[in-house]
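Please keep the sequence and the structure in view while reading.

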Amino acid sequence: MIFLSFTRNIVRSSQRSGAWIVSSSFSTAMKNEVRLSKRMSELGICSRREAARILKDTSESSNQRALKSVIYVRGNPVMGGTGVKVAQDEKYIEIRSGDAATTSNESHNDALKEYVPYAERPWHEICGDSIVLNKPIGYVSGQEEHQHVPAVRLLTRSNNIDTDVDGIVSSSLQYTKKKWSGLDIETSSVPKHIRNTLNRDGKAVVDQDNKWEATLQGYACAGRLDINSTGVLIFTRAGMMARRLISPQSKITKEYIVKVAPAVQLTARESEMGMKLPPLTTDLESFLEGGRRLWDDAKPLKPVVEAEWLQNDPEEQPQIRTLRLVLQEGKKRQIRRMCRELLGLHVVDLVRTRIGPVKIDSLPEGKWRTLTKEEVQGIFMDRPKKKKKKGKKKRKSFVSIDT
């Protein structure tokens, strides 16, 4: 019997200038080893690029304790640069701050911490990390600018509809009062009928010190929804959740209900760019096939997951039709541009009804709630790719639009 010497990555601790050094020993088991950055990406700790950046910064630094982030493998800081490899099933990987470095007298194996995927962590640790808001028209997803109110201003106690019996979620939420930078609610972009919902006894919602109501602290918007659109908007304080939702490699679908009408003329900006409106069509084949390029956009569009015309509302104007779209990508104003540049249709109303398993359902406009355990697990669930059926052609979808 031939025995092959199997030597894993051995983390050798040697103190040099107050920092621990990690070196790799090569063996016949190299095929079972992968780069540390790749393994971290597989586990979902961070992207390969982010891991490589941390590894590079750590290897080039002479003072580990001054670093913001240091990668640890089996309790030891990795100082070997971007080429460090680990076993392909390594789970004892974590990121700590540089000031958490241990000394030579401390044992590195006493507190080994196995990485636990975000969705599998105890619910009391991650509940309240992510919330969903039904964004009204007139609010922007990003920062406050040009008299546009950021949607984060709606994340107040009074707008929360959670029924937290045990108090677990509410205890994890922190509110803070933020200053406005000269924004006047009466002249802002918020429509009057929405503005009235922000008033209390005819005055803006303020406290005794004439400041706006406290809003959630530490939450960032995961994705965007333009000022004239409504519907699902997710905020999170967990980097893992944000990465899952907005990463270019994300396969999470987003559903939209879009009302369109024939485009009559070019906008001023479209005229300046030299655009021309395409012939009016209701053929959705260009959406389903993908590969088309929007004006002044070098990257082709991905195929739309689903696209269909819905039954007309009898109360709507005859020329307005309703379209249901399901997408996996999310370029800036993508649906509005696709409708104008590919179909010759103008979007008059756009509602995002779903992001992955998170649905708008009965959530009132301007209100928010925390994500449920099932929704968080659903976002992190890997769905198998659907096999394409051969020999069947895609059926074209047509409806008539009165011009």
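A residue is called buried when its relative accessible area is under 20%, exposed when it is over 50%, and partly exposed in between. The model is predicted, and the points below are grouped by topic.

**Cysteines**
- Cys221 has a relative accessible area of 22% and is therefore partly exposed, whereas Cys127, at 2%, counts as buried.
- A search of the whole structure finds zero disulfides; a disulfide is a covalent bond between the sulfur atoms of two cysteines.

**Salt bridges**
- The count of salt bridges comes to 14, and one of them joins Arg96 to Glu94, with the closest N and O atoms 2.9 Å apart; Glu94 is buried at 16% relative accessibility.
- Asp226 and Arg336 meet through their side chains in a salt bridge of 3.2 Å, N to O.
- Asp226 lies in the loop between strands S15 and S16 and Arg336 in helix H9, so this pair ties together parts that are 110 residues apart in sequence.
- Within helix H9, Arg337 and Glu341 lie four residues apart, about one turn of the helix, and they form a salt bridge whose closest N and O atoms are 3.5 Å apart.

**Positive surface patch**
- Arg224, Arg269, Lys332 and Arg333 form a positive surface patch.
- Arg269, which lies in helix H7, is exposed, with a relative accessible area of 59%.

**A contact across the sequence**
- Phe380, in the segment after helix H10, counts as buried at 19% relative accessibility.
- Phe380 and Glu120 are 260 residues apart in sequence, yet 9.6 Å apart in space, C-alpha to C-alpha.

How values were computed: Residues numbered from 1 in each chain as written. Predicted model: local features only at pLDDT ≥ 70, side-chain atom pairs only at ≥ 80, totals over all residues. Heavy atoms only, no water. Patch = residues over 30% accessible without salt bridge, like charges linked within 9 Å, V, L, I, M, F, W, Y side chains within 5 Å. Areas by Shrake-Rupley, 256 points an atom, 1.4 Å probe, with all protein chains shown as cover. Salt bridge = Lys/Arg side-chain N within 4 Å of Asp/Glu carboxyl O. Lys, Arg positive; Asp, Glu negative; His and termini not counted. Charge placed at Lys NZ, Arg CZ, Asp CG, Glu CD. Helix = DSSP H or I, 4+ residues; strand = E, 2+ residues; numbered from the N terminus. Buried < 20%, exposed > 50% of the residue type's maximum accessible area, 1.4 Å probe, protein only. Disulfide = S-S within 2.5 Å.
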